[in-house]
Amino acid sequence: MKYIINSILVVFLLFYVSALHAQVPEGFYLSAEGKSGAELKTALFNTIKKPKVIAYSKLWEAFANTDISKNNKVWDMYSDNPYGVADYYYDFRNNRCGTFKKEGDCFNREHMLPRSWFRGNKLLESDLFHLFPTDGYVNNRRSNHPFGEVGIASWESTNGSKVGQNTFGNYTKTVFEPIDEYKGDVARTYFYLVTAYEDVVASWQSDQVGGDPYPGFSDWSLELLLKWHREDPVSIKEVRRNEEVYKIQGNRNPYIDYPDLAEYVWGVLYDEAFNVNRLSDSFYLIEYSPFERWLYKQQWINNLKEYFYK
């Protein structure tokens with residue numbers, strides 16, 4: 001009886017621990033090994049370029065997998081209240097935008113990189129890594145303004161997203177500022193964009209991104225986005241969204257998988273060689289419970305195999 005119980009336990013643990021490897025595919029970032037700075041960014045470009053994007057019309061259905069909140073409603077970064085009840089919630093099927101007059105009317109498909117900056121690129125038209133479901137009216141108020149930090153707001157959404165004059169760095173034009181809880185999301189989206197589309201960055205027209213493929217940002221914008229990346233770490237929302245988009249497009253956002261990559265490409269580690277084995281990926285850090293991480297560190301798979309073959 002004891003043997004049977006132990007065998008069942010062993011089989012369960014083998015199955016359970018093997019599931020822990022369902023995060024970043026093994027060897028996915030192998031080409032990035034040993035590189036840093038611009039060379040690392042180009043290696044990542046060659047890894048994640050040319051995603052298998054779906055048609056723009058099919059994004060509505062995709063959002064039901066990539067952006068579903070705990071209450072089974074649309075996870076809208078422009079209306080979400082992370083610490084309480086939002087003023088409104090959207091159903092995936094019944095609240096899609098046609099026309100709207102005010103905030104709370106409907107949700108649409110927000111290009112984090114405005115269309116007017118990149119016109120003519122079919123992949124960018126429907127790349128889920130920069131398309132999010134957001135309130136139509138708030139999206140309209142954001143317009144094609146860069147992201148930034150607002151001093152005195154000329155307009156503010158119900159969840160605190162703002163439009164107004166930028167106060168960060170030496171850029172003083174009008175910007176859109178999301179709430180603090182989603183600033184890191186925006187930063188990592190932009191890191192992905194200038195990496196996955198490195199070959200066309202120079203053609204983009206904006207005060208935020210464009211110019212040389214490296215760094216791909218204006219000075220004030222890079223400084224701002226690195227700040228947001230550091231202050232708002234990768235969340236469970238991003239980790240799960242990254243997995244869902246990967247299932248659809250076949251590519252990943254490396255700056256969600258390994259947040260420190262941003263430092264190796266643009267930040268304080270830009271002159272140090274990237275080594276994936278030194279880092280823990282976000283899936284491991286966020287999705288695993290302490291018990292799961294302990295199992296992983298104890299290398300239970302090998303131990304249990306030894307048990308079977310005694």
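Q: What percentage of the 310 residues of the protein chain count as buried?

A: A residue is called buried when its relative accessible area is under 20%, exposed when that area is over 50%, and partly exposed in between, using a 1.4 Å probe and protein chains only; in this chain, 49% of the 310 residues count as buried. This is a predicted model, in which local features need pLDDT of at least 70 and side-chain atom pairs count only at pLDDT 80 or more, while totals for chains, interfaces and linings use all residues. Residues are numbered from 1 along each chain as its sequence is written, and side-chain values use heavy atoms, with hydrogens and water left out.

Q: How many disulfides are there, and which residues are joined?

A: A disulfide is a pair of cysteine sulfur atoms within 2.5 Å, and by that rule the count here is one. The bond joins Cys 97 to Cys 106, with an S to S distance of 2.0 Å, and both Cys 97 and Cys 106 are buried. The torsion about their S-S bond is about 85°, so the disulfide is right-handed.

Q: Where is Thr 195 placed, and which residues does Thr 195 touch?

A: Helices are DSSP runs of H or I with at least four residues, numbered from the N terminus, and Thr 195 belongs to helix α7, residues 183-196. Contact means heavy atoms within 4.5 Å; leaving aside residues up to four places away in sequence, Thr 195 touches Lys 41, Leu 44, Phe 45, Ile 48, Tyr 255 and Trp 266. Thr 195 is buried, at a relative accessible area of 0%.

Notes. Helix = DSSP H or I, 4+ residues; strand = E, 2+ residues; numbered from the N terminus.
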